Amino acid sequence: MTVEPERCLTCSDEAVEARVVAVEELEAVVSVDAGTTTRVALDLVPDAAPGDVLLCHAGIALERLAPA
Amino acid sequence: MKYVDEYRSAGIAHALSGEIAALVRLGETVRIMEICGGHTHTIYRHGLEDLLPAEVELVHGPGCPVCVIPMGRVDDAIAIAEQPGVTLATFGDMMRVPGGRGSLLEAKARGADVRMVYSPLDALALARNEPGRHVVFFAIGFETTAPATAVTLLRARTEAVANFAVFCNHVTIEPPLRAILETPGLLVDGFIGPGHVSTVIGTDAYRFIPDQYGRPIVVSAFEPVDLLQSVAMLLRQRREGRCEVENQYTRVVRREGNPRALAAIDETMELRESFEWRGLGSLKRSALRLRPAFAAWDAEALYELPGARIEDPKACRCGEVLTGQIKPWECGVFGTACTPERPLGTCMVSSEGACAAYYAYGRLRRPQEPVVA
């Protein structure tokens, strides 16, 4: 999952905010940037729904962002 | 604030810069440590030091998980990767960290099957897709990353994936903070807390910092405006004589963290008696290993590991950089013998390492000062 090439998103205390496009069982398709989608596991945020913004790290959603 | 543009707004940043300047007393020095490597990266990338008055000094902390892994553990990972039939999977940055016997990337060049993944779940997928290989995930990271490994282990157990294992090197944030707080002559006046670790562990986990050590901490998000706001919150606490845990990252972080993530970690992992940290030495109960119930997926139970303790190169001062005692450019090999292309020390490997961040964004702006070895 890469948003900005110079930014390490894979290794550490770094995560990205991504909007849920679709939910398929325990996985969500999320949009991380215009036109870029990826899949994240929903084990830790099982009630995520399309439209939610999730904080994602290392292939899983860690938390749902509070609605703005 | 709703959109990322607002978190990077020059107008808001300059307004906060003025607010910060008004919160310090002329001539005083306030030293603020950002614990997290992600914050270090933002500070350099966006030139935030230029928006702070001379009275505020930012000190870089130990929160880059790649940077704190000792060379001996890299050698252990190489030893696993060199076993016949093994595929070692890990995050990209980890492949470049030099151990005593070179890096995983060099081991790959010698023929070992080392692959980069973005998630431990990708490593589990590799195991499913290639049943003839034994796939070992070299797991590193603080509490941000440990839940992903935990979820992967739980799935491996549910699906009975027998050709998958984890070489667990997850670490926890509290012991290194205590080690820094107990450093004689500590010159840190307050802390900017790691936003994403806190998503998992919650802000209550930091109460020992004001309660036992008398230092304030503000848990912060990662955009430039977030960080400036966190600096202002710390200075306001100081001005008002308060010393508390505050949360700037309210859009994600809760007091109690994410209980599901904590439960997944607790089900799969337990604290080690001690763990060797680069720059900080051996810290008690500072890292996680797999619980005995997960021995079938534990690379440390399945493979003979060298387990050697390797001294850092003498010229490398990563330890002092990690504990905020020196700035990257004060290390004698910074930018000369040690560069992102050929790193000597771990702080130059990860983009979150203080040395790599400073090399990428700051080195050309600072007049070259003579270095005293």
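In the predicted model, 47% of the 68 residues of chain A count as buried. Chain A contains zero helices and five strands, and its elements follow the pattern β-β-β-β-β when read along the sequence. Of the contacts in chain A between residues at least 6 apart in sequence, 32% join residues at least 24 apart.

In chain B, buried residues make up 53% of the 373 residues. This chain has 15 helices and 13 strands. Among its contacts between residues at least 6 apart in sequence, 76% link residues at least 24 apart. Along the principal axes, the C-alpha atoms of chain B fill a box of roughly 65 × 45 × 40 Å. The radius of gyration of chain B is 21 Å, which agrees with the value near 21 Å that a compact globule of 373 residues would have.

The domain assignment divides chain B into domain 1 (4-61 + 174-247), domain 2 (71-172 + 257-302) and domain 3 (318-361). Between the C-alpha centres of domain 2 and domain 3 of chain B the separation is 25 Å. Seven residues from domain 2 of chain B and eight residues from domain 3 of chain B take part in the contact. On the domain 2 side, the residues that touch domain 3 of chain B comprise three nonpolar, one polar and three charged.

Helix 4 (residues 71-81) of chain B is largely enclosed by the rest of the structure, because 10 of its 11 residues are buried. The buried residues of this helix are B:Met71, B:Arg73, B:Val74, B:Asp75, B:Asp76, B:Ala77, B:Ile78, B:Ala79, B:Ile80 and B:Ala81. Their covering includes strand 3 (86-90), strand 4 (113-116), strand 5 (134-141) and strand 6 (164-170) of chain B, together with helix 5 (104-109) and helix 13 (299-302) of that chain.

A further site in chain B is B:Arg254, which is found in the loop between strand 9 (245-247) and helix 12 (259-268). B:Arg254 has 17 other C-beta atoms within 10 Å and is therefore partly exposed, since a residue is classed as buried at 20 or more and as exposed at 12 or fewer. The C-alpha atom of B:Arg254 is separated by 6.6 Å from that of B:Thr203, although these residues are 51 residues apart along the chain.

The two chains meet through 23 residues of chain A, which are in contact with 40 residues of chain B. On the side of chain A that touches chain B, the elements that give two or more residues are strand 4 (53-57) and strand 5 (60-64) of chain A. Strand 5 of chain A gives the most to this side, with three residues. By residue class, the side of chain A that touches chain B divides into 13 nonpolar, four polar and six charged residues.

In soluble globular proteins, nonpolar side chains tend to be buried together. The largest nonpolar core here has 145 residues, of which A:Leu54, A:Cys56, A:Ala61 and B:Leu88 touch the most other members. Helix 11 (residues 224-239) of chain B supplies the largest share of this core, with eight residues. Leaving aside residues up to four places away in sequence, A:Leu54 touches A:Ala18, A:Val20, A:Val30, A:Val40, A:Val45, A:Ala48, A:Ala61 and A:Arg64.

Terms used. Residues are numbered from 1 along each chain as its sequence is written. Chains are lettered from A and ligands numbered from 1 in the order in which they are written. This is a predicted model: local features need pLDDT of at least 70, side-chain atom pairs count only at pLDDT 80 or more; totals for chains, interfaces and linings use all residues. A nonpolar core is a set of buried Ala, Val, Leu, Ile, Met, Phe, Trp, Tyr and Cys residues joined through C-beta atoms within 7 Å. Helices (H or I, at least four residues) and strands (E, at least two) are DSSP runs, numbered from the N terminus. Ala, Val, Leu, Ile, Met, Phe, Trp, Tyr, Cys and Pro count as nonpolar, Asp, Glu, Lys and Arg as charged, and the others, Gly among them, as polar. Domain bounds come from an automatic or database domain assignment. The radius of gyration is taken over C-alpha atoms; the globule rule is 2.2 Å times the number of residues to the power 0.38.
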